[in-house]
Amino acid sequence: MAIRLGLGLPQSHQYDIGRDVPDVARAAEQIGYESLWVLERALFPEPQTQGLYGIEGLPWPSAYRDLAEPLVTLTLAAAATERARLGTSVLVAPLHGPFQLARTLGTLDAASGGRVVAGFGTGWSVDEYAAAGVAPFAERGQVLDEILDVCRAVWGPDPVQYDGRLTKIAPSVIGPKPARPIPILLPANSKKALSRLVERGDGWHPVAMGAEQLAAQWQQVQDFAAEKGRTKPIETVARVNATYTGKAYDGADRRPFQGSVDQLVTDLAAHAETGLEEFFFDFGDSTRDAAELKDVAAELYEAARAAGI
């Protein structure tokens, strides 16, 4: 069960972003975490016109209020660290202009010495798409496909040239180039998404919500990759939406990764049996401040390694 461990950076409303992001990033790297992650939530509608994940009546969590912009957050972490990979989990890629997104990620990778991992998704919030004004919600899959094309072009050799539906690049020199090919992680939660992952992605980026479910999903990805003749390995990084309660959660309704550090480690051990390479923990707003986040992160890391994970 030798896996990599990562940590989600503080982005929600209880944190001082300019102070706490570099502080937590430095501490996490010193503890031993091998990656640092950000998520994207562009706004918090009031009243909400759509339930969480598009599910009617499901409220948005308070952690989504005033969530700091992901690439600014990741830049703060990059400047404060030396080794940890810097991942997005995920960028709602179609909310961004394809060309500018590719340039920003390329520059960040060059500046950080080749540490960026680009997790992309299409998102589910109609309100975010309306506010961003980049592309219609109904076209989000097509836009993500173009973003993948534009990224590969912009990150590739000069002169760069591209003629797409949204993006037109005349033959140009575009830099700085990434320090190495930036790996792109994608979900596989639909047949179209699974095809995109296997045909165009470098890695799979699921959410860990149950060991049996995760194992079944991973088997599906591997089977489809074999069916399509993919020979390139698929990198795996699982997101853990953890709820830290400070003590053991004894309720019969306990969800995976909810409760004390010991319970989190027990759940991690079960999920690690799936064979995935990396798991990262995002505590959302279940930690009060940066000091508690660092303390919990240190305790979790030490307990996981002591358990042989």
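Predicted model: local features only at pLDDT ≥ 70, side-chain atom pairs only at ≥ 80, totals over all residues.

User: Why is Arg-196 called buried?

Analyst: Its relative accessible area is 8%, and the label needs a value under 20%, so Arg-196 counts as buried.

User: What makes Arg-196 and Asp-145 a salt bridge?

Analyst: The term asks for a side-chain nitrogen of Lys or Arg within 4 Å of a carboxyl oxygen of Asp or Glu. For Arg-196 and Asp-145 the closest N and O atoms are 2.7 Å apart, so the pair passes. Arg-196 sits in helix 6 (residues 191-200) and Asp-145 in helix 5 (residues 140-155), so to speak linking distant parts of the chain, 51 residues apart. Helices here are DSSP runs (H or I, at least four residues), strands are E runs of at least two, and both are numbered from the N terminus.

User: And Asp-145, why does that one count as buried?

Analyst: Asp-145 has 18% relative accessibility, which falls under the 20% limit.

User: How do you know that Arg-200 forms a salt bridge with Asp-145?

Analyst: The closest N and O atoms of Arg-200 and Asp-145 are 3.8 Å apart, and the limit is 4 Å, so the pair counts. Arg-200 is in helix 6 and Asp-145 in helix 5, 55 residues apart. Arg-200 itself is partly exposed, with a relative accessible area of 28%. There's a network here too: salt bridges link Asp-145, Asp-149, Lys-192, Arg-196 and Arg-200.

User: How many salt bridges does the structure hold?

Analyst: The structure holds 22 salt bridges. One of them joins Arg-85 to Glu-235, with the closest N and O atoms 2.9 Å apart. Arg-85 and Glu-235 are both buried.

User: What makes helix 2 roughly parallel to helix 3?

Analyst: Helix 2 (residues 70-80) and helix 3 (residues 98-112) pack at an angle of about 10 degrees, with their axes 10 Å apart. That angle makes helix 2 roughly parallel to helix 3, since angles under 35 degrees count as roughly parallel, over 145 as roughly antiparallel, 65 to 115 as roughly perpendicular and the rest as oblique. The axes are lines fitted to C-alpha atoms over the stretch in contact, and angles run from 0 to 180 degrees between N-to-C directions.

User: Which residues of helix 2 and helix 3 meet?

Analyst: Leu-71, Leu-74, Thr-75 and Ala-78 from helix 2 meet Leu-101, Thr-104, Leu-105, Leu-108 and Ser-112 from helix 3, contact meaning heavy atoms within 4.5 Å. These residues split into six nonpolar, three polar and no charged. The classes are Ala, Val, Leu, Ile, Met, Phe, Trp, Tyr, Cys and Pro for nonpolar, Asp, Glu, Lys and Arg for charged, and the others, Gly among them, for polar.

User: What makes Tyr-53 partly exposed?

Analyst: The relative accessible area of Tyr-53 is 47%, which falls between the 20% and 50% cut-offs. Tyr-53 is in the loop between strand 2 and helix 2, and its phi is near 60 degrees, a positive value in a residue other than glycine. Most residues other than glycine have a negative phi, and most peptide bonds are trans.

User: Where are the cis peptide bonds?

Analyst: A cis bond joins Glu-46 and Pro-47, with omega about -5 degrees, and another joins Ser-89 and Val-90, with omega about -10 degrees.

Terms used:
Residues numbered from 1 in each chain as written. Heavy atoms only, no water. Buried < 20%, exposed > 50% of the residue type's maximum accessible area, 1.4 Å probe, protein only.
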